[in-house]
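Hi,

Here's the structure I said I'd pass along.

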Amino acid sequence: MSTVVSSPGKVLVAGGYLVLDPAYSGIVVSASSRFYTVISDDLSLGAHRIQVRSPQFKDATWRYTVTFGSSAVHVEEDPSNTSKNKFVFLALNKTLTLAYEVKGPDSLKEILSTGLDIVIAGGNDFYSQRAKLESLGLPRTLKSLESIEPFAYTGVRLADVHKTGMGSSASLITSLVSALLIHTKTIPSASFSDVDTDGRRLAHNLAQYVHCLAQGKVGSGFDVSAAVFGSHLYTRFDPDVIKDLMNENTSALHPVLSPTNKAWNYRIEPFQLPPLTRIMLADVDAGSDTPSLVGKVLKWRKEDSVKANALWTSLDRTNQALAQVLLRLSKLYADDQENYTDAVKYISSLSHLQWTANPQIPDGERPVIAAFHEAHTLSESIRAQMREMGSSAGVPIEPEGQTKLLDACISQAGVVGGGVPGAGGYDAIWLMVLDPVDSSPDQPPTQRIEHVWSNYSGVSPLSATESIAKGSRIENLEDIKGLKAAVDRS
């Protein structure tokens with residue numbers, strides 16, 4: 001019987017840079033694209049042997065041996081491995097150490113006595129599909145993406161793949177450590193049946209630690225948080241909680257990572273996009289080095305703290321206002337579904353400049369249209385303030401090319417707003433568009449955006465929408481299209 005756990009990717013739609021500071025929060029949307037970890041017993045490997053495979057890449061099999069000391073467990077890389085995978089190695093090492101502490105050596109030895117075959121596969125959206133579409137002679141549309149097999153083989157080594165910035169490393173680590181925690185019975189399988197369980201929180205704390213360790217620094221953690229909990233308003237944890245573990249000043253993991261440790265002071269507040277809207281993501285053929293962008297912005301904040309703090313405080317107010325108006329739209333839908341649905345259909349055929357212009361709008365639809373218009377205004381204000389931050393820090397948070405592309409998109413009928421996700425840069429944009437039940441006789445906003453993107457070379461859609469499922473979850477192998485075929489791929 002296989003253990004299968006999936007964890008979603010993410011889009012930080014508001015709160016870039018600010019989420020590094022616990023005084024501020026960000027809006028993080030979890031994506032429908034997920035990483036899957038499949039763990040199966042494999043007697044052919046031998047006792048205490050682990051094989052990890054990533055069937056989407058060349059030369060992507062890593063083998064490990066687990067040994068038991070008098071008071072610890074050790075994971076050793078096989079000399080035959082043709083490459084190293086720091087993320088996988090640290091996830092195995094730290095998760096098995098935690099399992100050893102919680103369950104004891106005898107339990108862990110028994111579970112590992114058969115050997116484990118672990119397959120890790122990510123949804124196609126985590127990797128650029130532009131070259132694949134071109135090789136198939138297909139246009140860059142959402143429909144074309146459906147023609148690509150799930151968990152498609154990339155034809156390249158892992159180090160050479162073009163990622164799309166959806167948090168692949170955080171999703172991978174979260175799915176891997178969560179699956180291992182369940183397979184080793186360190187947490188019960190029911191841990192992921194609810195958002196608020198000790199098991200889910202332990203998986204979160206462990207994934208945050210492993211991800212920080214693999215990256216060599218303590219980041220904001222919003223990407224791991226989205227992978228564990230789904231869409232939410234995120235406020236980071238105090239980095240000091242794992243300082244001793246990062247510095248290897250302590251060897252015991254569980255006292256620090258336990259959900260009962262009050263030093264884990266991150267906050268997650270409920271959030272999801274309004275009904276009858278969808279997020280659209282574009283993979284843009286350019287690149288930005290996120291660490292260098294972040295480093296320069298933080299340097300500017302330190303050197304020009306008065307101006308920077310004033311801008312961050314103003315930007316945070318705008319971010320929070322956007323979050324609240326989007327949540328208010330969900331309430332408007334719950335209170336009056338009919339008028340909300342009619343209002344969405346009406347404004348989906350108009351540019352934002354026309355949404356409030358008609359004096360004949362029915363009274364029941366006015367609050368909905370006004371709220372969407374407010375969301376548009378706030379998202380444009382966020383873009384302006386992010387550009388100001390980039391200009392002050394001397395970094396391309398919203399480069400000129402992205403500004404032109406976003407302006408062209410946001411001027412289309414039925415588009416609420418958009419921006420560059422996370423830290424910004426050249427390689428992606430996000431949009432929130434209206435998604436009415438029925439657009440006829442007009443063209444759906446998604447098709448208008450696809451047309452705009454088709455006129456830009458190097459811009460390709462991603463198929464991801466918002467994941468309504470709350471973060472990590474246990475799956476059935478046969479229920480996920482194409483996953484069993486990927487697992488069976490040699």
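Below is what turned up when I went through it.

First, a caveat: this is a predicted model.

Let's start with the nonpolar core. The largest one has 143 residues, and the members that touch the most others are Y17, I118, F372, M389, L431 and W453. Helix α13, residues 366-393, supplies the largest share of this core, with 10 residues. Another core lies apart from the largest one; it has 11 residues, including L477, I480, A486 and V487. As a general point, nonpolar side chains in soluble globular proteins tend to be buried together.

Next, a sheet. Four strands make an open, antiparallel sheet in the order β10-β11-β9-β12. β10 (415-419) and β12 (459-462) are the edge strands, each pairing on one side only. From one strand to the next, the twist averages 25 degrees. Strand β9 (residues 277-284) is joined to β12 by 4 bridges, and V284 sits opposite V459 of β12. Helix α14 (residues 400-410) packs on this sheet and touches β9, β10, β11 and β12. The direction of α14 makes about 10 degrees with that of β11 (428-434).

Then there's helix α7, which covers residues 222-229. Why call it largely enclosed by the rest of the structure? Because 8 of its 8 residues are buried. Just after α7 comes G230, with a positive phi of about 85 degrees.

Is S472 buried or exposed? S472 counts as buried because its relative accessibility is 1%, and the cut-off for buried is under 20%. The backbone oxygen of A227 lies 2.9 Å from a polar atom of the S472 side chain. The side chains of S472 and S7 are joined by a polar contact of 2.8 Å. Beyond its neighbours within four places in sequence, S472 is in contact with several residues, among them V5, R34, T174, F192, R200 and V228.

Cheers

Conventions:
Residues are numbered from 1 along each chain as its sequence is written. This is a predicted model: local features need pLDDT of at least 70, side-chain atom pairs count only at pLDDT 80 or more; totals for chains, interfaces and linings use all residues. Side-chain values use heavy atoms; hydrogens and water are left out. A nonpolar core is a set of buried Ala, Val, Leu, Ile, Met, Phe, Trp, Tyr and Cys residues joined through side-chain atoms within 4.5 Å. Buried means under 20% relative accessible area, exposed over 50%, partly exposed in between (1.4 Å probe, protein chains only). Helices (H or I, at least four residues) and strands (E, at least two) are DSSP runs, numbered from the N terminus. Two strands pair if DSSP finds at least two bridges between them. Axes are lines fitted to C-alpha atoms, for helices over the stretch in contact, and angles run from 0 to 180 degrees between N-to-C directions. Contact means heavy atoms within 4.5 Å. A polar contact is a pair of N or O atoms within 3.5 Å; within protein, one must be able to donate a hydrogen and the other to accept it, and residues adjacent in sequence count only if both atoms are side-chain atoms.
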